[in-house]
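Subject: Handover of the structure

Dear colleague,

I am passing on the structure we discussed, together with a written account of what was found in it. Please keep it open beside this message as you read.

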Amino acid sequence: MITSADEDLLRRAVAIAAHAVTLGDAPYGSLLAGPDGAVLAEAHNTVRRDNDISAHPELKLARWAARELDGDTAAGTTMYTSCQPCGMCAGGIARSGLGRVVYALSTDQLVGLNPESGAWPVVPQDGPALLAEARVPVEAYYRQSGGPAPAGDTDGTPS
Ligand SMILES: [Zn+2]
């Protein structure tokens, strides 16, 4: 359920999206709020400016939360975003442990406004393969560390 307090923060995310356009960036904005509604961080889309396909505001905030917040704090946050998170961002949000997402435009509504937003091809994936070889580094890693890596640490790099 979206409350009037949610709508106020959602309006701020929409305002961030509008401001992004004035900066020459794409019209997408997001913020992360604590349980009391305090804004912890804001971001807008900088894909063109940074020449970085991952520079969506939702993914930036999810990465920020995973770096800067402990798990309990992250779980108490809500992301407010001007459009429904794409698949890339939804994956990052899940790994970051955020508690909730509230969005304004759905993906279908966005595609209605800009059909190119829904033009992503499905890339064929072939696999699984080479199980006996591929499992060796994975098993060695988890035997060394004595268990699964902390949430979000899927590439083995120190956080
Ligand atoms: Zn995205």
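How many residues lie between β1 and β2 in the hairpin that they form? There are five residues between the two strands, and G37, in the turn, has a positive phi of about 90°. Please bear in mind throughout that this is a predicted model.

**The chain as a whole**

The chain has seven helices and four strands, and read from the N terminus on, its elements follow the order α-β-β-α-α-α-β-α-β-α-α. Along its principal axes, the C-alpha trace spans about 50 × 40 × 30 Å. Of the 159 residues in the chain, 26% are buried, and among contacts between residues at least 6 apart in sequence, 48% join residues at least 24 apart. The UniProt record, an unreviewed entry, places the feature "domain: CMP/dCMP-type deaminase" at residues 4-121. In the model, that span is 48% helix and 19% strand, and its end C-alpha atoms lie 37 Å apart.

**The sheet**

The four strands form an open sheet in the order β2-β1-β3-β4, with mixed pairing. Because β2 and β4 stand at the edges and each has a single partner strand, one side of each is left without a neighbour in the sheet. From one strand to the next, the twist averages 15°.

The two pairings of β1 can be followed residue by residue. With β2, which covers residues 39-44, β1 runs antiparallel and is joined by five bridges; G29 has H44 as its bridge partner in β2. With β3, β1 also runs antiparallel, here joined by four bridges, and the bridge partner of A33 in β3 is T78.

Five of the five residues of β1 are buried, so this strand is largely enclosed by the rest of the structure. Both of its faces are covered, with G29, L31 and A33 buried on one side and S30 and L32 buried on the other.

In soluble globular proteins, nonpolar side chains tend to be buried together. The largest nonpolar core in this model contains 25 residues, of which L31, L32, L61, A62, A65, M79 and L98 touch the most other members. The elements that give two or more residues to this core are α1 (4-22), β1 (29-33), α3 (57-68), β3 (78-83) and α5 (87-96), and the largest share, five residues, comes from α3.

Which residues does A62 touch, once those up to four places away in sequence are left out? The partners of A62 are then C89, G92, I93, S96 and L98.

**Helix α5**

Four of those names come up again when one looks at α5, whose buried residues are C89, G92, I93 and S96. Seen down the axis of α5, these buried residues fall within an arc of 100°, so they line one face of the helix. What covers them includes α3, α4 (71-75), β3 and β4 (100-105). After α5 comes G97, which has a positive phi, near 80°.

G87 and V39 are 48 residues apart in sequence, and their C-alpha atoms are 24 Å apart in space.

With best wishes

Key:
Residues numbered from 1 in each chain as written. Predicted model: local features only at pLDDT ≥ 70, side-chain atom pairs only at ≥ 80, totals over all residues. Core = buried A, V, L, I, M, F, W, Y, C linked by C-beta atoms within 7 Å. Buried ≥ 20, exposed ≤ 12 C-beta atoms within 10 Å, placed from the backbone. Contact = placed C-beta atoms within 7 Å. Pairing = 2+ DSSP bridges. UniProt positions renumbered as here; feature names shortened; annotations may be inferred. Arc of directions from axis to C-beta. Axes fitted to C-alpha atoms, helices over the stretch in contact; angles between N-to-C directions.
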